[in-house]
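Welcome! Take a moment to look at the sequence and the 3D view, then read on for a short tour.

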Amino acid sequence: MDKKELIRLALEARQMSYSPYSKYKVGAALLTKGGKVYQGCNIENAAYTPTNCAERTAFFKAVSEGEREFEAIAIAGGYGEEPVDYAWPCGVCRQVMMEFCEPKSFLVITVKSETEYQEATLEEMLPCGFGANNL
Ligand code: THU
């Protein structure tokens, strides 16, 4: 799976966003170490707090199918038809990544378009994170 395809799948997943309240559409494409991709979108709720982010939708789909090892996630977020800026994952999603991913190698790719993206490792995004190894 090349990076370009993962980015395309994040932009595709964004089209499924259910965000009638914020109108902020997010899509994610999560790559497992085995080479499978799980897509996710943000899913909002009239009561607001039950809202689920795109990244966690992708993780929960994958984990509920038995996946436990992940390589990378591409994320595309913003208002309107195409993202105009880079959307980095919220703190809750970073913590979920911390549960299942190796901080030094798990790659987060935030996407503006198929050719414009930025990258960081989980460790860069969540320094000194708390995980299973701390227990
Ligand atoms: N959102 C995500 O899907 N991922 C993030 O990492 C940040 C925020 C969603 C939640 C909500 O539906 C909308 O973006 C605005 O916060």
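## A first stop in a loop

In which loop is Y48 found? Y48 sits in the loop between β2 and α2. Helices (H or I, at least four residues) and strands (E, at least two) are DSSP runs, numbered from the N terminus.

Before we go on, please keep in mind that this is a predicted model, in which local features need pLDDT of at least 70, side-chain atom pairs count only at pLDDT 80 or more, and totals for chains, interfaces and linings use all residues. Residues are numbered from 1 along each chain as its sequence is written, and side-chain values use heavy atoms, with hydrogens and water left out.

## Two residues with positive phi

Most residues other than glycine have a negative phi, and most peptide bonds are trans. Y48 is not a glycine, yet its phi is positive, near 65°. At 57% relative accessibility, Y48 counts as exposed. Here, buried means under 20% relative accessible area, exposed means over 50%, and partly exposed lies in between (1.4 Å probe, protein chains only).

K23 has a positive phi too, about 65°, although it is not a glycine. You can find K23 in the loop between α1 (3–14) and β1. With a relative accessible area of 52%, K23 is exposed.

## The sheet

Strands of a sheet pair through backbone hydrogen bonds, either parallel or antiparallel. In this model, five strands form an open sheet in the order β2-β1-β3-β4-β5, and the pairing is mixed. Two strands count as paired if DSSP finds at least two bridges between them. β2 and β5 (117–121) stand at the edges with a single partner strand each, so one side of each has no neighbour in the sheet. On average, neighbouring strands of this sheet are turned by 20° against each other, direction ignored. For such angles, axes are lines fitted to C-alpha atoms, for helices over the stretch in contact, and angles run from 0 to 180 degrees between N-to-C directions.

Let us look at two of the pairings. Strand β1 (residues 25–32) and strand β2 (residues 37–41) are antiparallel, with five bridges; L30 has Y38 in β2 as its bridge partner. Their hairpin has four residues between the strands, and G35 takes a positive phi there, near 95°. β3 and strand β4 (residues 107–111) pair in the parallel sense over four bridges. A74 stands opposite I109 in β4, while I75 has T110 in β4 as its bridge partner. β4 is mostly covered, with four of its five residues buried.

## A residue on an edge strand

V37 belongs to strand β2. Is V37 buried, exposed or partly exposed? With 24% relative accessibility, V37 counts as partly exposed. The C-alpha atoms of V37 and A58 are 8.9 Å apart, and these two residues are 21 residues apart along the chain.

## Aromatic rings

A pair of aromatic rings is described by the distance of the centres and the angle of the planes. The structure holds six aromatic pairs. Rings of Phe, Tyr and Trp (its six-membered ring) pair if their centres lie within 6.5 Å; planes under 30 degrees apart count as stacked, over 60 as edge-to-face and the rest as tilted. Why is the pair of F59 and F100 stacked? The ring centres of F59 and F100 are 6.5 Å apart and the planes lie at 25°, so the pair is stacked. F59 is in helix α2 (residues 54–64) and F100 in helix α3 (residues 91–100), so the pair ties together parts that are 41 residues apart in sequence. F59 is buried at 1% relative accessibility, whereas F100 is partly exposed at 24%.

F100 also forms an aromatic pair with F70, and this pair is edge-to-face, at 6.4 Å centre to centre and 85° between the planes. The pair links distant parts of the chain, with F70 in strand β3 (residues 70–78) and F100 in helix α3, 30 residues apart. F70 counts as buried at 3% relative accessibility. Ring pairs link F59, F70, F100 and F106 into a cluster.
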